[in-house]
Structures are given as C-alpha cells and as structure tokens.
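I am opening a notebook on a structure that is new to me. These entries record what I looked up, in the order I went.

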Amino acid sequence: MTEPGGTTRVAAPPGVPLRQDTVADATATPDREQPYAALGLTADEYARIGATLGRRPTDAELAIYSVMWSEHCSYKSSRKHLRQFAAKAPATDVLLAGIGQNAGVVDVGHGYAVTFKIESHNHPSYVEPFQGAATGVGGIVRDILAMGARPVAVMDSLRFGPADAPDTQRVLPGVVGGISFYGNCLGLPNIGGELAFDPCYLGNPLVNALCVGVLRPEDLKLAAATGPGNQVVLLGSRTGPDGIGGASVLASASFGGSGEGAKRPSVQVGDPFMEKLLVECCLELYHAGLVVGVQDLGAAGVACATTELSAGGGTGMRVALDRVPLRDASLGPAEILMSESQERMMAIVTPANVAPVLSICAKWDVPATVIGEVTDSGRLEMTWHGAPVVDIPPSSAANDGPVYDRPARRPDSQDALASDDAGRLPRPAGPAAASALRADLLLLVGSAEGGDKAWVTEQYDRYVRGDTVLAMPHDAGLLRIDAETGLGVALATDGNGRYCHLDPYAGTQLALAEAHRNVAASGARPLAVTNCLNFGSPEDPAVMWQFTEAVRGLADGCQQLGVPVTGGNVSFYNQTGPTAIRPTPVVGVLGVHDDVRRRVPSGFGLPDAAIVLLGHTRAEFGGSLWAWLRHGHLGGRPPAVDLAAERSLADVLVAAAAEQLVATAHDLSDGGLAMALAEACLTGGTGCAVTLPGDAATFLFSESAARVIVAVRPGSELAFRQLCATNGVPATDIGQTGGTALEIAGWFSVPLAELADLHGSALPALFG
Amino acid sequence: MPSFVVNVMLKPEIHDPQGDAIASACHRLGFPQVASVRQGKRFVIEVSEPASEQRIAELAAELLANPVIEEFSVHPA
C-alpha cells in the first residue's frame, strides 16, 4: 500500500522476475525478434526506431514508441493537414495557448481566461458503454486541469445507431449513465451537446466529451519539465493493467517477459471521487506556486507524460519505474508505461518544494510519489530496480514520429450522390397539402432525431456550482464567470454527418456555422473553436479525401469567421468492417458574453412579440431531416454556405442581446423553421401564429443556413429592424407569439399539448 | 424450494474504487492491517421447480453480471 502523500519504494515482489530487457541486452542481442507488428508498428516504423537509437529498442522502449507513434497519440495521418489550422488562423490577440497544448486557452477579459477542448472516447464506449463514457469525461477534465484551470462544466456530443436497434438499447443508456455518473459525482454541470441517430453509427457510436475551465491568465500551466534537478511527482491513483489492451496489443504473451498473464487488456474504470480530490489538490498546488510544469495522464499514460514533459522542456528526465505505485504487483516496465489507469497527473516540482507538495497531497488523500528527476542530458532514461531499460531522446517519441501523406481520392460515387437532388422529392401539394404538412411536422417533432432530449439531459446535473445561466434545451450552454460584472462564456457543439456525407468541405463549414450561430443566439460573441474529427480508416483513400476536405473546410471557415482553432482531437478508424461512419467532424465554438443578465433564451416566453425570420430561405432539402425522415433520402447538395452572412447575423444577434431588443432567439438547423418554431413554443411554453412568406413546404422544412428566428421585445421593433438593415441581414416578419397552439396561418394548427406529448414521448417510448 | 447463490465480482484486473474506499475506511477505523478490499454482489435465487446451474449461469450472464468487467460463480444454496 502506498501511504497517502508518502513516497513509496517498491521492492520487487516475490514471483515477479526482476529480469527485464535492458539497454545492455538490446545492444548485446541486436537480432532478437520483437513483436512490433502486434504492437501496431509497421516494419518501417520499427526500423526507424532502430535508426534513432542505433540499436534495437528494449521491450520498454518499444512500448513507448508503439503508443506514442500510434495514430491516436501521434496524429501521423492527420498532422500534415492539421497545420492549416495554424497557417490559416485569423489574427487574434486573445489566444494564450493554442494547438499542441493540452487545450487551447483564450483571454476573455476582466482578468479571466478560459480553456476548453473536445475529445473522443468512441471505441471504449462501444466495448463498455458506462465506463467508456465515464472515463471519457474524466480524461477531458484532466486535460483542462493540466492547463492550470478549474474545470467548470462539461458537454457531450453523442451519436448512436438507429434508436430502435437492439444494440442502441444497450449502448445509449450505458453511455448516458456513465456520463451522468462521472459528471454528477464530480460536481460539474453538463450544459449542452448533441444527441443524434443514424444507421452508420450502429457498430461505432460517437462519444465526444468537452470540458471548459476557468483560470487567471498568470496561472496558465504548460506541459514542460524544466530545471535540471527538479523532481518528477506522480499524483493520484495507483497504476494497474487498465487499458493496456487499448494500445491494441500485448496480445502477445511473450511480450514484456513477465510470463503468462503479462497481457491483460482490461476496461478502465473511472473513480470520480478520486478525480475530485485530484482537481482540488492540483488547484491548491498551483495556487501555492509549487508546480513548475504539469501534465495529465491519459492515453499512453506514463509513456506520454514523461516524453511530452521532457520534450516540452527541452530537457532530459531520469525515472525509476519501479517507484510507480502499483495496484497489481506483477506489472513490468512495459505495462506500467502503457497503462491507462485513470485519475493520475504528473507534476514537476523543485527539490525544495517536494515536502510541501507531498503534504498538500496527503491532506487531500491523493497518493503522491517522487518517481524521477529532470536532467540536462536530453535523454529520457528509465530504470527498473537499478537496471537501465529506457534511454531515448524524448522528442523522438513525443514530436518527431512518422508523418504520413496518405493517398486521398474523391470517390466516384460522390457524383451520383450529388446528382440525386433532394429538390425532386415530392412535397405536400394539392388539396391534401395542409394535412400532409401538418403530418410531416409531427413526424419530425416526434422522431428520435427531432424529439425532446430531456430523457437524456435530465440525467445530468445542469446547475451544480450555481453558475449555469442557460443549458439544454437552449441553443448554447451559458456559464457565468464573474458574478460582479456578469461576464460569461457560451459554448455549443454541432456536427452533421448527413451534410458531410454529401460534401465534407461544406458540411464541416455548416457545422462550424451552426455552432457559431448557436453561441451568438445566446448573445455571446464567438471567439474560438475546438473540434473532434470523427472519421473512418485513414488507409481508405475515400475516407482520407473526406478528412482532407473537412480540415480544409474548417480552416477556411474559421479564417472567414475570424475565430481561431485552438485545439482538438482526431478519431480515425471509426468503422464497422469495411464500412466507415459518415464523416462526422464535431465543431465546438466558445463565445464571450459581456453580461449574462442579458442572455437570450431560445423559447418563446413573452406573448404578443413579433416573430422575425432572419436570413434567406431557399428550397434546400439536401441532407435535411425532412428528406431523411419523410423520404429516407440522402442525396444532392447540402445547404449553401455563406460565412459572410453568418458573421453579419452573429453581429446582429450580439448587438440585439446587448441592447435587449429581443426576448428569444433560436437558430434554424435540422428540420428548418418547422422544428425551430415547435422547439421555441415548447421550450418557452408559449404558442405562436405564423404566416409563411412563400412556398409552405420550403419555408417549413428547408434547412438553408444563416437563419435564426427571434421574438422582438414589444416597442423595440423599429430599432431591431434598423439594426438588421445596418448589418445587411434580411429580416422578414412572420408572425406573433402567444396562444396555446403552433398555428401556421392558412395551413394548419397544432395545440401545444399535442405537440408536447409527441415531442416528449419520443425518447421515453424507446428507452423507458 | 431449491435455491442458488450467484456471486458476482469485478474481474481481478479491474479497478475497484468502492473496494479501495472501503479499505481506506478500514484504516481510519483502526484496522491498519487491511491490505485491500474487493467488493462484489451476492444473489440468492429461489426456483419453483428444479433448474440446472447452467440455466442460472445463463441468467447471471444476461442480467446479474456485466461479463465485460465482471465474473460470477453459481452454487446450489
């Protein structure tokens, strides 16, 4: 047992062979066969390790390279393309830390900075939905903690197979349960996200978790081990065999040399109470000025933290791996390096501060152990009971891994897809048009895709910590940062696999535009972007084409909207057999709200307010929810992207909120105006009477972008109209709020009670 | 009536935070010699007519245990 706060010297337990593959062995037996392929390395990559070291790697070194050069850690297939985010980044003076750090940090003024990031946990959530999703939350929270920030909220972007599929019945409740368990126990509000269904996610659900944290700019921490002589302290849970199989491997029983049982791929189990202690402990260490550098332990565990910290500091590091406190005494060096045990952090501390650090850790019941020290050797050296088992240049593992320019080719099938125009789909017409339009609205409102997500979101604590201003079902999550000034931040995530399937470049820009619009609808000024790029196998040229188009679309889009990408995550190999998921980049946008007391909700609350439709409506049904649900159709072109219009629209929304001209703003996206009106009525509990200014089916169900509905505060109509005119934003009066029905004049009316019943029962009917 | 006992435990390699929490409570309560605790579940199942252990095992795998992270054993009570 490790004494909390004490240092631990681990004697080799009986039964564990002390004999490990040492650096001397590697030199003496250059031709020993090593299971590099089983570890996921190619022959070329294995040869490259040999060339770097001038000898074959030891088993422990091979473990480090195999995880650090994995797609997940090295971004080897995506790195070349991701450079566009920096190259095309718009000029900004708010970015304090950007791509390459654990998370991006933006200055939001009044002496505050905010850090946020979204990351995937797709595969673990399929294997074991509850723990997979729970540890996804834990992992992203530690990323935010590693920047020196207090985590203040989380969000989740979830995609599953068809809602009525048996496996969705297994996966969805587990994922939602895991997120609520971890987040609720940890005491973080869950303020938004997405829930979508599509057959392409049946064997590969998407679970993307976002966390946001707040810090003072001067408290920013970087992952750098500086100052030779400084001590390396491992904080948090003891290390077990968790997640070693996640690196795809150790399937080989001969690997590691600890005999049978050396390989135990096992599910990671999250412990939110330990995470809470870790958060409070780290924040106290930061505020006491006791930490020189810090890194969370996520994928690739100790291997990742030690290589990235020493590479980040341009230093070396000496680590005694046998000092890592273990939950399972039979683990050897390779397994310790690859373990993904949860709730661990690594801190760099000056020798004089070790005692106070250990004492603060003891106070929080957080085990803490000095496992090594920073050196000026430029080498990462590790020993196992005194014998050298690792001796590598840290940047060769952390930064200088292989980079691939994988072939990308637009599949010929895109042409047929594009020519399958959704405009040809039959729309309600003739004498039965009115009842058909009504039926189509109810189909959307009562579907799993369009239905009320409360069954999910009510399992999350949305208001703990007391600073949540807006959460689901509003367009964006809005948090108060500073009670005195009302300073706040808004966050929204969006993605649309259907649009991206039709055109990954435009589809990604539409996801960006929607998140941007959602943030602006709350009254916040969009400031920065994070992204989680979910794709199939990069070894498939068609997938690689989708990926390159999506990255190019996002980089170009961010440039035009003037919001930089601050960081993110790439998740490849999301496929079932040879079939990839639809390309699904999820884009998160963060905005600053100058005064959350002037927030704009998405529901109609005020009666007799003029409803104004902002933006142009065209007959755009390609990829729409209506085409998908009503006709099972996915083809043609996604809606046109107009980022200049999005920017003007956001300017109007932010100014309208500041001047308190509007009582409601709700963005138009899936399901078009029909869904937007239904949601605004149900969220606010107030009906509306609307007159469509043109073709009914087009105005109800088209998904033209850059559109929002607002309810103007009575008396502010003129000022609002002038604001729109000044910014060149088309504004069409379409009706009034009030009453207890959603009425489309001349066509149909639906009592809110009927609408609420359909909308509210969609998910409970499926998931109980 | 015949009955069975089903014991469900996390697999040995799976992290057991509840067990760890109990172990540290033991230390606080003056049992420093407790080295570790693993926590599980025990079900007692009565059957109205004879059933094979195999059938009860099927039930355990379907409902009582999560075979991804847990293991179980079935015994006649």
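## Salt bridges

I searched the whole structure, a predicted model, and the search returned 36 salt bridges over all chains. I then took some of them one by one.

**Entry: D59(A) and R32(A).** I looked up this pair and found that their side chains form a salt bridge, with an N to O distance of 2.9 Å. D59(A) has a relative accessible area of 7%, so I list D59(A) as buried. R32(A) has 35% and goes down as partly exposed. The cut-off I need here is that buried means under 20% and exposed over 50%.

**Entry: E280(A) and R150(A).** I found a salt bridge here too, and the closest N and O atoms are 2.9 Å apart. The pair links distant parts of the chain, 130 residues apart: E280(A) belongs to helix 9 (residues 272-287) of chain A and R150(A) to strand 4 (residues 150-160) of chain A. Is E280(A) buried or exposed? I have E280(A) as buried, at a relative accessible area of 13%. For R150(A) I wrote down 26% relative accessibility, which counts as partly exposed.

**Entry: D242(A) and R327(A).** These two form a salt bridge, and I noted 2.9 Å between the closest N and O atoms. Both residues are in loops: D242(A) in the one between strand 7 (231-236) and helix 9 of chain A, R327(A) in the one between strand 9 (316-320) and helix 11 (333-338) of chain A. The pair therefore ties together parts that are 85 residues apart in sequence. D242(A) is buried, with a relative accessible area of 1%.

## Between the chains

**Entry: chain A against chain B.** I looked up the contact between the two chains. On the side of chain A, 14 residues are in contact with 10 residues of chain B. The two chains bury about 1100 Å² between them, and 62% of this area is on carbon and sulfur atoms.

How many salt bridges does the rule find across this interface? I recorded 1 salt bridge between chain A and chain B. R238(A) forms a salt bridge with D20(B), and their closest N and O atoms are 3.9 Å apart. Sorted by class, the side of chain A that touches chain B has 5 nonpolar, 3 polar and 6 charged residues.

## Domains and one glutamine

**Entry: domains of chain A.** The domain assignment gives domain 1 (23-68 + 221-398) and domain 2 (442-465 + 601-768). Taken over C-alpha atoms, the centres of domain 1 and domain 2 of chain A are 50 Å apart.

**Entry: Q84(A).** I placed Q84(A) in helix 5 (residues 79-87) of chain A. Its relative accessibility is 18%, so Q84(A) counts as buried. What does Q84(A) touch, not counting residues up to four places away in sequence? I listed A89(A), V551(A), R552(A) and A555(A).

Technical notes
Residues are numbered from 1 along each chain as its sequence is written. Chains are lettered from A and ligands numbered from 1 in the order in which they are written. This is a predicted model: local features need pLDDT of at least 70, side-chain atom pairs count only at pLDDT 80 or more; totals for chains, interfaces and linings use all residues. Side-chain values use heavy atoms; hydrogens and water are left out. Helices (H or I, at least four residues) and strands (E, at least two) are DSSP runs, numbered from the N terminus. Buried means under 20% relative accessible area, exposed over 50%, partly exposed in between (1.4 Å probe, protein chains only). Contact means heavy atoms within 4.5 Å. Buried area is the accessible area (1.4 Å probe) that two parts lose on being put together, summed over both. A salt bridge is a side-chain nitrogen of Lys or Arg within 4 Å of a carboxyl oxygen of Asp or Glu. Ala, Val, Leu, Ile, Met, Phe, Trp, Tyr, Cys and Pro count as nonpolar, Asp, Glu, Lys and Arg as charged, and the others, Gly among them, as polar. Domain bounds come from an automatic or database domain assignment.
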